[in-house]
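Visitor: Hello! I am new to this structure and would like to learn how to read it. Could you walk me through a few features?

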Amino acid sequence: MAYLLILTIYIYLLIVLFTINCKKEKIFFDENGIEFIKFSKNNIFVSKYEISNQTFINFLNDGLKKNIITIDSLNRVLGSYDGDRYYKEGLKILYRINTESDIQFEDSSFYCLNDRNLLPVRKISWFASHLFCIYYEYRLPKENEWLNLSLESRYNDQLFKNKVAEVNKIFDITTDGIVNINSNVSEWIEPFFDNQWPYKQIRGASYKNNFDPLNKKLGNYASHLIEDVGFRPIIDIKK
């Protein structure tokens, strides 16, 4: 009787350990507190949520200390870009601070206004999303990766029209648990056109714009700060 009890407990522990290991392989939080979920179709880890104001502020403050980020007399947040065939190497505008912007700057530090920490970072340039990813050794999704994610997403709730929501408010979700690919804010992705083309790519619907089809091809200049566009990073799975 005691033997059967011990055996049952042993088997139960094995099942628990197996479940934990499976979860570790599919979901993890990195050192920056970002939750990544495995998307097997493209063999990548995808940020569960769009990047929030607070996560972006952490990047700005860390970059400021390391002289990677600077702010000029016009309250423009600047960062360096290596350049491509269209955009020259040098400092580029990442974000512009004004009295209404979610992110503010005072006493040599960036901070967030009025409990807007969990709202997705918006009004950022493509350069901002690119530099964020380079700094933390992430990258932006490629078009086919974003498309595959969007096709697996299903709506759970009604999208707030003309009102941005916190990143953990679920409007659509993939079978793996990746949130709001097709809603809340549109997202900068990795460009796929020749670098001579000035437009960087944007995908996804937002609280301001519903697109038909959802994967409608969108683009804008890399320097533009767009009210309803944010981003999410991905990590390649090491073979």
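Visitor: Which residues make the nonpolar surface patch of about 400 Å²?

Guide: Welcome! Keep in mind that this is a predicted model. The patch is formed by Tyr 86, Trp 197, Tyr 199 and Tyr 221. To find Trp 197, look in the loop between S11 and S12.

Visitor: Now the strands. What order do they have in the open sheet of three?

Guide: The general idea comes before the case. Strands of a sheet pair through backbone hydrogen bonds, in a parallel or an antiparallel way. Here the order is S4-S5-S6, and the pairing is antiparallel. On average, neighbouring strands are turned by 35° against each other, direction ignored.

Visitor: Which helix packs on this sheet?

Guide: That is H2, which touches S4 and S5 and whose direction makes about 90° with that of S4. Between S4 and S5 there are three bridges, and Ile 69 stands opposite Gly 79 in S5.

Visitor: And how many residues of helix H3 are buried?

Guide: Eight of the 11 residues in H3 (126–136) are buried, among them Trp 126, Phe 132 and Cys 133. The buried residues pack against several elements, including H2, S4, S5 and S6.

Terms used: Residues numbered from 1 in each chain as written. Predicted model: local features only at pLDDT ≥ 70, side-chain atom pairs only at ≥ 80, totals over all residues. Heavy atoms only, no water. Buried < 20%, exposed > 50% of the residue type's maximum accessible area, 1.4 Å probe, protein only. Helix = DSSP H or I, 4+ residues; strand = E, 2+ residues; numbered from the N terminus. Contact = heavy atoms within 4.5 Å. Patch = residues over 30% accessible without salt bridge, like charges linked within 9 Å, V, L, I, M, F, W, Y side chains within 5 Å. Areas by Shrake-Rupley, 256 points an atom, 1.4 Å probe, with all protein chains shown as cover. Salt bridge = Lys/Arg side-chain N within 4 Å of Asp/Glu carboxyl O. Pairing = 2+ DSSP bridges. Axes fitted to C-alpha atoms, helices over the stretch in contact; angles between N-to-C directions.
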